[in-house]
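I opened the model to look up a few things about its helices and its ligand. My notes follow.

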Amino acid sequence: MFLSPNNIKWHCTLVKKEDRCALNRHSSTVIWLTGLPSSGKSTVANQLEHMLFRYGLRSYILDGDNIRHGLNKNLSFTAEDRKENMRRVGEVAKLFIDAGLITIVAFVSPFRTDRQMVRDMFPKDEFLEVFVKCSLAVCELRDPKGLYKKARKGEIAHFTGVNDPYEAPEQPELEIETDKLSLDDCVRKIFRLLVDKKIVTHSDELGNQKSPGSPVQVPDPLLSFG
Ligand SMILES: Nc1ncnc2c1ncn2[C@@H]1O[C@H](COP(=O)(O)OP(=O)(O)OP(=O)(O)O)[C@@H](O)[C@H]1O
Ligand SMILES: [Mg+2]
């Protein structure tokens, strides 16, 4: 039997996002990494998650390539399918935010309107756009998957940076220049953003970390650049 949208009602749960965040002892947010292929999104996401994990902060990576292996395997790289790719991952990220996780999305997400669409799915303080900035020349030199090479030979249609456009963010919450900064410094900058936005709390005293019920605290030295 077909159920019209009017007959679908949101089912409220006894356990709320706030409860899950209290259990985790930190807030949840989306960190949306956008940038050219090979700019470093997956590398940064991975290193960031490792750092969060080490400090007992709960997170998960939604990586473009991984999501296209399953949930979005039926989508191509046309503008229409890219939009649907974004919409679906935006919806998944919303669930993960509700689950109380720091949700790291690593998607090329080349179009401004599509990024605005996902931004609009979240309250202001729960969506942090991070521009993973790297020149096309450096991305092409890196080319860890050999895809730029294939695209230049005409073997891949709709390849961002070669035969599809990339629209850089105009007002991201943060830019990390992966062709200028070390990987560690890129990750520290994102970590600092999480502290500035009060998603996580930091302390001079490592000893405070274990007290039950209090926010997870990260030590200050981690937040310094160098
Ligand atoms: N500061 C840096 N930050 C991130 N990656 C860097 C940095 N310096 C060098 N790299 C290298 O750049 C490459 C980035 O590849 P990565 O797969 O992370 O890119 P991506 O943005 O996820 O690409 P795609 O959109 O194709 O998935 C890696 O080989 C990584 O080691
Ligand atoms: Mg990647």
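I looked up what the buried residues of helix 4 pack against: strand 1, strand 2 (59–63), helix 3, strand 3 (102–106) and helix 5 (112–119). I keep in mind that this is a predicted model.

Next I listed those buried residues of helix 4: Arg82, Asn85, Met86, Val89, Gly90, Ala93 and Ile97. Viewed down the axis of helix 4, they fall within an arc of 135 degrees, so they line one face of the helix. I recalled that an α-helix has 3.6 residues a turn, so residues three or four places apart point the same way. On the face of helix 4 turned away from the buried side I found Glu80, Glu91 and Leu95, which are exposed.

I checked the length of helix 4 as well. Its 20 residues reach 29 Å from first C-alpha to last, close to the 28 Å expected. Just after helix 4, Gly100 has a positive phi of about 90 degrees.

I then turned to ligand 1. It has 21 residues around it, and Pro37, Gly40, Lys41, Ser42 and Thr43 come nearest. Helix 2 (41–54), helix 3 (64–69) and helix 8 (183–196) each give two or more residues to this shell. The largest share, 4 residues, comes from helix 2. I sorted the shell into 8 nonpolar, 9 polar and 4 charged residues.

Last, I looked at helix 8. Its buried residues include Cys186, Ile190 and Leu194. The buried residues of helix 8 pack against strand 1 (29–34), helix 2, strand 4 (127–133) and strand 5 (174–177). Lys198, which follows helix 8, has a positive phi near 65 degrees.

Conventions: Residues numbered from 1 in each chain as written. Chains lettered and ligands numbered in written order. Predicted model: local features only at pLDDT ≥ 70, side-chain atom pairs only at ≥ 80, totals over all residues. Near = placed C-beta within 6 Å. Nonpolar A, V, L, I, M, F, W, Y, C, P; charged D, E, K, R; others polar. Buried ≥ 20, exposed ≤ 12 C-beta atoms within 10 Å, placed from the backbone. Contact = placed C-beta atoms within 7 Å. Expected span 1.5 Å × (residues − 1). Arc of directions from axis to C-beta.
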